[in-house]
Structures are given as structure tokens and as C-alpha cells.
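I opened the notebook to record what I looked up in this model. Entries follow in the order in which I made them.

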Amino acid sequence: MVATVQGEGAVVHGFQLNDLQRKDSLADRNALLRPGDLVHVRVYRGDSHSSTYTEYDVPYAPRMRVLEVLQYISSHQEPNLAYRWICGSKMCGTCGIRMNGREVLACWEAVLPSMTLEPLRNLPVIRDLVVDRDPYEDRVASYEPWVERAKPYADFPEHLDSAQMARMSLASEALTCISCMACFSACPVIGLGDLTKFSGPAPLVQAAQTVLDPRTSDQKRDRTLGKLEVFSCVSCYKCEEVCPAHIRIVSHVIEPLKRLVAEKYPRRARHSLSFERIVRRRGWINPSELVLRTRGFRALSNPGRVLRLIAHHKISLRKLLFGWWSRNAACRLIDLGRNKL
Amino acid sequence: MVELRYDVIVVGGGAAGCLAALRFTEKRLRVLLVSKSLAGKGGASIFAGNLVLSGRMLGNTAEQAHSTAEFLVKYHNQYLIDQRWAERCGRWVESNYYAELERAGLYLRRDRNGSVVTSPGPIRSVAANVQGNSGVNLMDVRRKQLIRAGVARLEEVMVIDLLKRRDGSVGGVYAVSILSGERYVLQARAVVLATGYSDRLHRRSTGTREMTCDGLVMAWRAGAALQNLEMQWWHTNDLATPAVWQRVQIYPNPILGAPGSARMVTAAHEDFFDQQRDDPMAFGPYCLQLKALHKLVKKGAARYDGGYFSGFDNMPVSDVETYTAYAKAYHQLGMPGPHALLECGVTAHYRQGGVVVTDLTRMRTDVPGLYVAGGLGGHSNGLIALASFDGFNVADGVADDFDRLGSGDVDPASTRAVEMRLRDLASSGRRATGQYPSQIKKDLQAAMWDHCGVEKNERGLQTMLAILDDLATNALPNMRVPGGDGKCAYEFLGAIELDNMVEAARLIVLSSLQRQESRGPFFRDDYPYTDNVKWLAANIIRRTSAGVSFERRPYKCERFSPGFERKLNSEVPW
């Protein structure tokens, strides 16, 4: 990253992040390099226990992808560099890595003049850019990701009516998932580790493929729904941002799943349902009531914390008893949003 | 070292291997599936773009059903096929295949009213969810079926060689985990090789990373005969760049739900192939496209690796984007949409030939205990449906033969030989000063592209033989093999892959020299005629004590016949 200042006006030469921010289209990104330019790469080397970064320079080729950079390094400079790929064309979903902190498919992503390449997060690193897929695969398998019908059918093709097709469109979107785990790595709630039992975006997409499929029997659907942990999702949309298949994971997968779980297993949705009920009744959210309704009297089991919260004005007895605002407007807004979905 | 014993071992996690493993499980045989990549995520099967309908389904007529059989024999195999097998296969695809997949949960794309969307052309196709990505969904269904059925899998595990019993029958495999370095001796009554057809032997090829001729060469070393290795198919519509997108195609087959298909044009934007116009009955118009391109190259108007273009500028963008994934490349290159034209190049695609199957109902080879399924077989060009048919059959075959198969231990000498080979490789890494396996692979792929590419002739093929000799005597013994603790040993195992690739290339070049004609995608400049008198025949290669021997075995034309004796291949319409 060379920056030279020339006289007045501080003309900056060479690539800077700002260039990318100003012109962040793929066409512009592809135009950042010319054949013969060097791509400067820092690569994570090591495993979950110890690691270092090694730097390489790789000559740019037309429309170069990150995978070509890795192939160049392994055949010219570092034969032991470990990276996984199978198809090279966004179908197998095995070459997911992080480039400059963002999850990408190595086979699909245009190179940048300066790149740091790291393995996906939230999974054990076997070596360099290769992660252990098993924790993810085991979780998906536990959701029984297959269609089970209520009864067999005779003819081919199976009869599906237009009402079923209306539901199939969401399942069809989920079916474009290639299990690359980009979203699993990007998810900040998964990043909290064992603090939550959140299923994670990719496993939920895999579950949604059959849960939202109208061919799946109610019994099988409810069995899978009972295993999902959806309500820890904070709707930050990180997963949608990185999904190479452009699946609208929050709005078209997690939110429909939340609704189904809430209908079938309301106790699991206590936090969301209480939240909605409070807003409907009060016109705004009251955190004290939310905590009481979600956690019950367990919320009072740590008196020290309760006193601290009162001292910091997080809990207000006055607002708990007298805080009522325009409930009609709130109800209208909630219903509007629900109808939109 | 882990030693395991099963009833049967299936090598390969594509369409043939997965279905075989599922069928074995149904038959209550204890099966182990060994896959060099992830089962259902590797191999050529995930690349299946469409599912071609065979028979009178979903609006196909009797005439169309007939055309489908004709398609298999004529366009797909240039008559180098057992026509009875082709008919049996067609019937199975029609009556079992699609229905079984749908029952297993495959979603065939529907319209708003629930009708399955087909292409409107004379031979219909459907898609699993999205056209262009059907194989991804189909193989994902298979992967999940394997999980559901509890089929034992060893994934990202490379089979180094077949292991034999003292009586010469195949009784297991020796395998190494790519990720952990763990070594396995896996024994069984029978081994099914289902390692596919599309190997990365040329500078541009459609195979996946792991497809490096391993199955072909293991079968050869075990003593199996091979046939029609020279019959290499080429894809004309894969993108010229980026280099890793060798399987991203702007393919001129019929679009689902709308009339029309991509157009192939010269640099001057003149049409040179339009499937709807030039070849409406050939669903996979590979050969005719290639012949059209061949003429252009001869005129100096294009190259096999670029200089011509393909795109959907002849139809509304919405037709392309409704049911297909074809637009994904345009978007990722930052182009406005699929109406732009993209530069294309040829890639080595199917290999029609492969291991000789001596009994096509049981998928036996001439080595006891060794069975073959899918594209690795020399009995037909690949297609996901045909590979599945093989997977289905091989399970019946092994189950029928089961009581007659050997059950004794493999010969320890057989295991020791593999271990010696691995030890040699590991120690050569310390002393050698030559190139790494991946560099030599690139040299090999470049040489195969130059001398055993689309156009072949005696001189080029002899040059290639000399290059292969040189590689075998100089490059391979001095190869630098990286050591390490065996974890993620891609490059170490790459040395084994390279051995396989060099041997396969030699057999392919020898077979190409032997077939003295041109046929379909096989262009010999020095023998430009298709010769049905002499070469409507399998070109079989066998190992002998003196080297190799060839046999020419004619095919019977019981139902379809080419109707001419000799004709310039460029004028043959298939």
C-alpha cells in the first residue's frame, strides 16, 4: 500500500481502502488491477492452537479469483499451504474463507490488490484455511433435513396445488444454499460460543429446506421445529450480507421459522411474544416487565444485580406501574408489519 | 493404521457411488463409501445442469421418446454403445429414476400452479430447483439420504490402490485420509469403483479438483481392460476467464420455460451455432458445436481457448433469470446482465471410454471382485441419469454374486507394496531438487492440451509419448514431495495423483494412435473420415507381459444404424 504525497492537494497514488468504498461495484473492483500487477497476500498459517501470517506476492491474471492466488502460492511458493476446494464454480460450497475480514468463496471472489486470507470462524481450524466441517454437518444432520410426507403418493409428478406452491417459494430459495458456512462464520451470535444455543444461520437454512416445504408432514415439521433454537437471532443481517447464494436468510428463513416455532412451541418464544404483548398494551417496551415475563421470579434471584439495575435507572418501578403510551398506534404498526410478511 | 472390514466398499461419492451405497444398505449389505471429496459435493455429478427427460413424461410424445433413445446412441455415444443397454437404461430412467428422486425429496421446479416447468423444445428437460444447478440439489438429496440411512462414510479420504487376495481377486483398498493422514486397510468381498469420467488431464477441463484418473489407473493396474479412452468429449461453452471458472458455462441448450437458447458468435458477432436452429433434436449438442467451432478454428477465426463468444442477447433477460442460474457469472463479473456476450473456451469434459464392463447387468469387470459404475465405465458416455442406472445395477450385481465372491484376507504383500510406495515418496521429498507435483501436473496438462487436444495427429501424439517418457524418467523420480505431519497432505497425495495422471495420459495417447479414423468429438487430422466399416468398434487396450495389446471389437447396430460406410467426420451430423 504505497501512498505518496505530491505538493498541494495531497494526491494519493496507489490503492487505498477509500477507492473501494467510493466505487464498490464488482466491475470497479475487477478494474483495480492490471495483468502484471502484484497481488499482495497475507495468509493465515497454522491451526486453532497456534498461527502466524505469511506474506506472498502473486502476479495478477485477467479476472483473477482468490482461489487462483492460492493455487499460485501452493504450486510456486508454499506447497504445504492447505486450502479446500472442489468445483471452482460456486457449486460445492467448500472453499469458504475470510478475505479482509469478510466471508467469501475463494472460487468466486475477485482478488484485491492487498488481501488478508483467513479461515472461517466458529469452527475448529485443521490447518491454514481448512476448517473442520463436522460440527456444522452434525448439527444439520440432527435436524433430519429430509422430506417426510404424511402419506405415500402414486403418480409422478406429485400433485402440488397453488396454495402449496405459495409456501414452496421460500423453501425453493432455501434450496439454493450450498453449505459454504459463510454465514455460520459471520454470525456474531454463533461467535458467542456456548452462551446461547442458537442453531446458526446455515443450519436453519438447511432445516428450512424441508420445514417450509409443503410436502413435509406436519408431524415431521414439528419434530424438526422442536429442535431448532431460533430466538437468539438478533436480526443483524450479517448472514444475508455474506451469503454467496443471496438467500435472504433473516427475512425469508429465520423469521418464518420464528413464526412457526412461536405457533407450535409458544414457551420457546416467551421473550418475543412477551415483547409484542407489552408493546401492544403499553405502546412501548418496558424492559422490567419484559424481564419479569420472560424469566419470571428467577429474574430476582440475584438481588445485587437488581439493585445495580435500579441504581442505573435500568429498572423503574414508576414506569413499570404507570408507563402507558399510545397503544393503538403500536398495534397498527405491528399488524402492518405482520401483513407485509 | 486402521483396519476395517465391510461386505462391500464403494469408491466415489458421485451419483453412481451414492446410489450404489444406498441400494446396498437397502439390501442389508454392510457398505462403506470412500470419497476423496465430500460425498454428494464432489465429482462431476454436481455439475449436472438439467435433467433430460427420457420417455413419454411431462408432455413428451412417442416420437420424442424414440428420439431420446436415438440421442443416447447417436449423439451421446456416436454408436459406440451396446444398444440393448441403452434401451434398458432409457426404460429405467423413464419408469424409476425421476419418480425415485422425487420420492426422496428432490424438488423439480414448478410454476405458480404447481406444474413442473420443462423446456419447450423437442426433447424436454426439467431442473432440480434451478436450471444449471440441478446436480447440486440432486446430490444434496443423495448426501442426506446417506445420512438418513446411516451409511458409513470415509470422506476426504483418498484410495491409493486396490488390494488383492492371493488368488488375484480384489479384496479391498488401501486409503489415506487427506485431512488427518490416517491410513486405512479396508477389506470387503467386492470393491465398486465409481470415480467418474471427467479428469483434470488437460489445461482446461471440467472435472472437480479430486478427479485425477485414480480409478481408471487402479483398475488398469489390477488387470482390468480399458476401452475407447480416446473418445474424449469437449465442452465448447465454458468461460475463457477467470481460469478457475472452467465449469461456468453459457450453454446453448434449451432454456426452461421459454423458447430459445444461448447463441454462439464469432469475434465479429456473427452466429456460428444456434442449437434451436442447427440441431433441435440433439439435446446435448456437444459434438455439433465442437464441429462448428472446429471449422472456425481452421479458418483462423477463433481459438480453442478463446476468441469466440456466447450469450443470451437473442432473448429477454427475464427468460434467462426466471428458472436458470446462467446469469450468475455475468453478475459476479460486474456485467449488466446475461444479454452481454462472454468469451468462451473449450474444456475437456466427458470421457466416453473407460473400464471394460464384461457383464452390463451386473457391472462386473474382468477382474474378480472388482465392479464399476458410472462414468468410469467404458460402456457409455456419462450423464447423471446413466451413472445412477449403473449405481442401481451394480448393487444388484454384487448382491447376486455375493456368495460366490472371495471372503479371505488380502495378500499382505499387496498392502506392503502400497506402504513401500508411500515410504519412498516421503523419503524422496528430502533428497529431490526437482519440481513440486502441482507444477509437473501443470506441465502435463499443458502438454496434453497442445498435443492430445481437440485436434490430434500421429506426429503430435508421438510427441506426447516422448514427453510422457521424459516425465516418467526425469521429472517424477526427482519430484520434490513436501513432507510434514500428514495433516492436509494435499500436495503429498498430489504425487500419487500425478503418477495416475501420467499413466492415464499414456494409455489415452496410445488409444488415440490406435483409432485411425475421426468420429464425433475425436478429430484425427490425418484420418478425417468416420469409418464405420472398420471402426464402428470398441478400441480395447489390455496389459500384457510385453506392454500393451489392442483388440477391435465391433458393436452390433440392432436398432439404430449410421447408414453409411465412410464420410468426412465434419459432414456427419452427430
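I began with Asp128(A), which sits in the loop between β6 (125-127) and β7 (130-131) of chain A. Helices (H or I, at least four residues) and strands (E, at least two) are DSSP runs here, numbered from the N terminus. The model is predicted, so I kept to its limits: local features need pLDDT of at least 70, side-chain atom pairs count only at pLDDT 80 or more, and totals for chains, interfaces and linings use all residues. Residues are numbered from 1 along each chain as its sequence is written, chains are lettered from A and ligands numbered from 1 in the order in which they are written, and side-chain values use heavy atoms, with hydrogens and water left out.

I noted a positive phi of about 50° for Asp128(A), although it is not a glycine. Most residues other than glycine have a negative phi, and most peptide bonds are trans. Asp128(A) has a relative accessibility of 1%, so I put it down as buried. The cut-offs are under 20% relative accessible area for buried, over 50% for exposed and in between for partly exposed, with a 1.4 Å probe and protein chains only.

I then looked up Met363(B), also not a glycine, and found a positive phi of about 60°. Met363(B) belongs to the loop between β17 (354-355) and β18 (370-372) of chain B. Its relative accessibility is 0%, so Met363(B) counts as buried.

One runs from Phe156(A) to Pro157(A), with omega near -5°. Pro157(A) is in the loop between α4 (134-142) and α5 (162-174) of chain A. Another runs from Thr241(B) to Pro242(B), with omega near -5°. Pro242(B) is in the loop between β12 and β13 (263-266) of chain B.

**Aromatic pairs**

How many aromatic pairs are there over all chains? My search of the whole structure gave 19. Rings of Phe, Tyr and Trp (its six-membered ring) pair if their centres lie within 6.5 Å; planes under 30 degrees apart count as stacked, over 60 as edge-to-face and the rest as tilted.

I took Trp234(B) and Trp449(B) next: the ring centres are 6.2 Å apart and the planes stand at 75°, so this pair is edge-to-face. Trp234(B) is in strand β12 (residues 232-239) and Trp449(B) in helix α12 (residues 437-451) of chain B, so the pair ties together parts that are 215 residues apart in sequence. I have both Trp234(B) and Trp449(B) down as buried.

Phe272(B) and Tyr308(B) are also an edge-to-face pair, at 5.9 Å centre to centre and 80° between the planes. Phe272(B) is in strand β14 (residues 271-274) and Tyr308(B) in strand β15 (residues 308-311) of chain B, and the pair links parts of the chain 36 residues apart. I read 12% relative accessible area for Phe272(B), which is buried. Tyr308(B) is at 0% relative accessibility and counts as buried.

I also listed a cluster linked by ring pairs: Phe156(A), Trp85(B), Trp92(B), Tyr97(B), Tyr98(B), Phe389(B) and Phe392(B).

**Chain totals**

For chain A I counted 15 helices and 7 strands. Its C-alpha trace spans about 70 × 65 × 40 Å along the principal axes. Of its 341 residues, 49% are buried.

For chain B I counted 14 helices and 24 strands. Its C-alpha trace spans about 65 × 50 × 50 Å along the principal axes. Buried residues make up 68% of the 574 in chain B. In chain B, 73% of the contacts (heavy atoms within 4.5 Å) between residues at least 6 apart in sequence join residues at least 24 apart. In chain A the share for residues 24 or more positions apart is 61% of contacts with a separation of 6 or more.

**One helix residue**

Is Asn474(B) buried or partly exposed? I found 41% relative accessibility, so Asn474(B) counts as partly exposed. Asn474(B) lies in helix α13 (residues 458-475) of chain B. From Asn474(B) to Gly168(B) I noted 32 Å, C-alpha to C-alpha, and 306 residues in sequence.
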